[in-house]
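Me: I would like to learn how to read a few features of a protein model. Please give the general idea each time, then the case at hand.

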Amino acid sequence: MSYKARLIKTAIKWTPKALILWAGNIVLKGIASLGDFQFDLETRKVYVKTTLYGEVEPIEIWVEDFALISQDGGAYAFIIPVARSNKPWLTNLLAHIV
């Protein structure tokens, strides 16, 4: 693993969860409220819990086995083989994307 990749991985591990939630809620202001966020590079899993503005029940999303692949010309591809949600309509939508 390159020095740059190790540095990015360490920065992600050390970023406090509260900072991610705070920044996410600033970006999503008026759209949604970010309630929980878990990101694990070792197991390649992401969990997000958010509540859309005006809604009562939160939406939970799980993404597993994701990968970031470098391509020719400096481009990157983000691969998501598994994504699901607690909402059936969103799980169906994610099935068309992954």
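Predicted model: local features only at pLDDT ≥ 70, side-chain atom pairs only at ≥ 80, totals over all residues.

Me: How many salt bridges does the structure hold?

Reply: Side chains of opposite charge can pair when their charged atoms come close. A salt bridge here is a side-chain nitrogen of Lys or Arg within 4 Å of a carboxyl oxygen of Asp or Glu. The structure holds 3 of them. In one, the side chains of Lys17 and Asp36 meet at 2.6 Å, N to O. Lys17 lies in helix H2 (residues 17–27) and Asp36 in strand E1 (residues 32–40), so this pair ties together parts 19 residues apart in sequence. Helices (H or I, at least four residues) and strands (E, at least two) are DSSP runs, numbered from the N terminus.

Me: Is Asp36 buried or exposed?

Reply: Buried means under 20% relative accessible area, exposed over 50%, and partly exposed in between (1.4 Å probe, protein chains only). Asp36, at 16% relative accessibility, counts as buried, whereas Lys17, at 40%, counts as partly exposed.

Me: Which side chain meets that of Lys87 in a salt bridge?

Reply: That of Glu57, at 3.2 Å, N to O. The pair links distant parts of the chain, 30 residues apart: Lys87 is in the loop between strand E6 (82–85) and helix H3 (88–97), and Glu57 in the loop between strand E2 (45–52) and strand E3 (59–64). Lys87 is buried at 16% relative accessibility; Glu57 is partly exposed at 49%.

Me: What lines the largest pocket?

Reply: Rolling a probe the size of a water molecule over the atoms shows where empty space is left. On a 1 Å grid over the protein atoms alone, a pocket is an open set of points where a 1.4 Å probe fits, with protein on both sides within 12 Å along at least five of seven lines; lining residues have an atom within 4 Å of a point. Here 16 residues line the largest pocket, and Ala5, Ile8, Ile12, Leu41 and Leu68 lie nearest its centre. Helix H1 (3–14), E4 and E5 each supply at least two lining residues, with the largest share, 5 residues, from H1.

Me: How do E4 and E5 run?

Reply: Two strands pair if DSSP finds at least two bridges between them. Strands E4 (residues 67–70) and E5 (residues 76–79) run antiparallel, joined by 4 bridges. Ala67 has Ile79 in E5 as its bridge partner.

Conventions
Residues numbered from 1 in each chain as written. Heavy atoms only, no water.
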